[in-house]
Amino acid sequence: MTQKILYFSSFLFTVILVLFLNGNIQLLQNPIPPFGKFLNPFGGIWTSNTKNEKVDLTLDMYGLKEKVEIVYDDRRVAHIFASNIEDALFAQGYAEAQNRLFQMEFLALAAAGELSSVMGARTLEIDKEKRRRGMKFAAENATKGWEQFKDFNAAYRYVDGVNAYIKSLKPSDYPIEFKLFDIKPQEWSALKCALVFKQMSLTLAGRNSDIKNTNLLQALGTDDFKMLYPEKQSVENPIIPLEKPYSLDTLYGQKQDSGAFYNKKILNVYYEKKEKGIGSNSWAVGGSKTSSGRPIFCNDPHLSLGLPSIWFELHIHTPEFNAYGVSFPGMPGIMIGFNDYIAWGETNVGHDVEDLFHIQWTNKERTKYMLDGKETEVDFRIEEIKVKGGKTLIDTVKYTYWGPVYHTSEDGQHDLAMRWLCHDVPHVDEYNVFINAMKCKNYNDYLQATEGYIAPAQNFGFASVQGDIALRVNGRLPAKYDQDGRFVENGNNTKNNWQGWIPRKQNPQIINPKRGFISSANQVSADKSYPYYYTGRFERYRNRSVNDKLTAMTSVNVDDMKKMQQDAFSHKAADYLNHIRSLNLGSDFNGDEKKWFDIITNWDNHYSVAQEGPVMFDLFYKKLADNTWDEIEALRTEMNVEYPDDWRLLELIINDPKNKYFDYTGTKNIENARDIIIKSFKESFADMEKRKKEGKGTNWGSYKPLHIYHLTRVPAFSSMDISAPGCPDAINATGNSFGPSWRMVVSMEDQIKAYGVYPGGQSGNPTSKYYKNMIESWVKGEYYVLNKSTDKEAIRTKSTQSITLNPKK
C-alpha cells in the first residue's frame, strides 16, 4: 500500500512538473515562461544558436525581380547588392528580420498596446496608456496616407522581405525570446511599419507641458509664473542663426481668442513622466574651416539605449545609388548616413505638437460634450487587451473632435482630450522619405526628397562633396501665435484648434552660413524675430559647447570631430561653480566639509568616470533645487507641476539673491540665495560621507553607471553597470540608460571617408558574438571604418556570411 502511494505521488508530481514547465499551470499573476519548451533539446534554447549567422545560403524567393546578394562583413554589417531599388528593399527587410525579428515584433506590440499578450499583467498599464493615447489609431491613419501614393507598392517590397524570412523559419529556428515567451512570429505588414515609426514619434514628439503650466499659473499667479517660467531663454543660440531678418510675405494661422484657455487647476490626473536626455547632436563644418578644404558631417542621436540596439547598420548598392548608414528596424531606407555625394542626419526639433483640451460633458455618462454650441456625440473605440495567463480586458476609449480622451478624472471635471499631430492622416509621401534620401546627389535633390516628412519634426542636417552644408527644421508644424499650446485649452470651440500650417519654405533653414558651420543640439529653432510662436523643450548647454568649439576651430580634421563627440564638459556646472567661487564660501565649511568643497570648486567641469567632482555637483544641485523650490514641491500632493529650469535658478541666484523663493519654509529664519547654497552644500557633503561609510563609490563611473537594458528587461540579456563618461548637459550626453545611440563622422572628400560606432551589435541574438561586441569600443571613444565599397569581392575578403536570394518563378 505504501509503495502504491509513493508511486502515485511520484507520478502526480511528475505530471504537475511537466504541466508547470510547459506553462500550463500559473502560480502568480504574471505567467511563468514554459521552461519545459524553453529547455527542450530539440526545439528550445539549445537550437537558438548562431548557425544562421555562419552558413552561406542560396535561396529562391517569390517577389524578386533579379538576384540579390547580402554579404555580412566581420562586424555583421549587411552589404546589399541589388539590381533595382525594389529588390534592395526586399533584401533590407530580409536582413533586418534575420537579425532583429523579435525587436521588430516587440516594438510593434509595444506601440499597439499589445505587450500583455506576451508579457502578462505586468505590462497592462503600459498597454492601457498606449490605447488611450491612440497609438494604433495613429498607425492606421499613417498607413491610409501611405497607400495613396504610387511609390508605396515598390517600397512595400521591404514588408515582403520581412515575411519571406519569417516563412522560412521552423519553430526550432525562432529567436530565443520567442521561445522564452512561448510565442510565434506573426506576419509583418505596413501597419507594423507604421507602429514602429509611431513608437519613435512618441519618444521624440509625445510630450507637452500643458497641465503643468496651467496648474502653475493658477497656483502661483501671473506675476510669479512669468518670473519663474519665462517663455524665452536669455541666451538662446538658435539652430538657425539670423543672417538676415525674416521677411515672410504671408503668415498663416490666426491668434487665439483670450477665452481659449482653461483657467482652473487640473487636479490629480494621470500624467507621463518623461526623462531628460532625449536629444541629439549634429553639425557640419564647411571646407573653409577644415584641413582638407571639404566639409565634415557629424551626427550622434541621443536616445534610450537598448539591446538589441536601436539601429541596424547596412550598406545598399544598386545601379542607381550606393548608400551606407543606419536604419530603424521595421522601417525601410537609411535614416542617418551617406552615399557617394552627400551625407545626412537628424536631431529632434522639440516643438510641442501635442495639445490638451478640456472636455465639457453634457451628460453624466460622459458620452456627449459641448462643441461650437452644440451637443456632440463621442465615438467609441473598443479596445480588447489580451493578457497572457489572464482574462482579456475590454477598455473603451472615447474619441472626440480633438482626438482620444486621454486624461480622465473620477468626476469628469478634469477630463482632457489630446490633439496630437502624429494622429493625422499624412497627405504627402512620408513612407518613402528615407528611401528617396539615399538617391540624392545634391542639396536640391535632398530638399525635394525630404519634403514629404511630417513628424516627429527633425532638424535635417546635410553636407555634400560639392562643398555645401545646410540645415532645415523639417516637418509639419502648426502655425501658432502667442501662448497657443502652452496651457490647457477649452475644448468646446473648434476655433481653439490649430488654424493653419507653416509652409515648408517658411520653416527655419539655412545653407552655407557665414560662420562656416551648421549645428543643432536640440536648442531653439530660431531667434525671437521668427514670426511664428512655438513652445517645447529646448537645450541650454550642449549647444553652447558645440558652437563655442566650432567657432574657435580651424583646420579641422576627422580626429578633431571624433574627439569633440566624446567631450564631457558641462557648461551648466561651469556656470554654477564660477558664481559660487565668487561668493568666497570657504570659511563656511570645516573638516570633511572643507575637503569636499575644495574638490568641487577645483573640479574641471568634465564628467570623467574617475572624478568625484561630478558626483558632488550632482548631489549639490539636487539639494539646491529641492531647497529653493520647496513651495512648488508642496503643490505636487494634489497636482502635476515642475521646477523652473536650472538656468533660471542660476539667474535668480545672481540677479535676485533675496527673492522670496530662497526663503526655506521649514525654518523660522528668512534665508537668501547664499544661505540656501550653504545649506545645500552641507547636505550634499553629508551624503558623500554616507556613501563612503556604506562602501558606495564616490566617483562618477560608480555613482551613475550606464545600463543598456534588453527590451524585456531580462538581466542576462542586458549590459549593466557600464562606467561611462558624460552627462545630459555635455556633448557626450549619457545618463542612466540613454546616450549617443550612433556616432558618425563623414569627411566629404572625392573618395568619402566615414567612421561610426554604436553601443551594441548587429545581431539580436543574445548568444551571438555580434550582440554587444561594439559596446566597449563605444565607451572608449573608438570608431570603425564604414565601408561602402562597390567592390563586392573586396568585401567578401572579410565576409562572415553570404546570402544569395534568387527570384522564384
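Biologist: What is the mean pLDDT of the protein chain, and what share of its residues reach 70 or more?

Modeller: This is a predicted model, in which local features need pLDDT of at least 70 and side-chain atom pairs count only at pLDDT 80 or more, while totals for chains, interfaces and linings use all residues. Residues are numbered from 1 along each chain as its sequence is written, and side-chain values use heavy atoms, with hydrogens and water left out. Since pLDDT is the predictor's confidence in each residue, from 0 to 100, the values asked for are a mean of 92 and a share of 93%.

Biologist: Over residues 14-21 the pLDDT is below 50; how many contacts does this stretch have beyond near neighbours in sequence?

Modeller: A contact here means heavy atoms within 4.5 Å. A further stretch, residues 24-28, also has pLDDT under 50, and the model gives it seven contacts beyond four places in sequence. For residues 14-21, the number beyond near neighbours in sequence is 11.

Biologist: How many helices and strands does the protein chain have, and what is its radius of gyration?

Modeller: Helices (H or I, at least four residues) and strands (E, at least two) are DSSP runs numbered from the N terminus, and the chain has 25 helices and 29 strands. The radius of gyration is taken over C-alpha atoms, and the globule rule is 2.2 Å times the number of residues to the power 0.38. For 809 residues that rule gives 28 Å, so the chain is as compact as a globular protein of that length, its own radius of gyration being 28 Å.

Biologist: Which residues of helix α5 are buried?

Modeller: Buried means under 20% relative accessible area, exposed over 50%, and partly exposed in between, with a 1.4 Å probe and protein chains only. Helix α5, residues 124-133, is mostly covered, with seven of its 10 residues buried, and is followed by G134, whose phi is positive, near 80°. The buried residues are L124, D127, K128, E129, K130, R131 and R133.

Biologist: Where is P456, which a cis peptide bond joins to A455?

Modeller: Most peptide bonds are trans. The bond between A455 and P456 is cis, with omega about 0°. P456 lies in the loop between α14 (443-449) and β18 (458-464).

Biologist: Is N584 buried or exposed, and what is its relative accessible area?

Modeller: N584 sits in the loop between α17 (571-582) and α18 (592-601), and its phi is positive, near 55°, in a residue other than glycine. N584 is exposed, with a relative accessible area of 58%.
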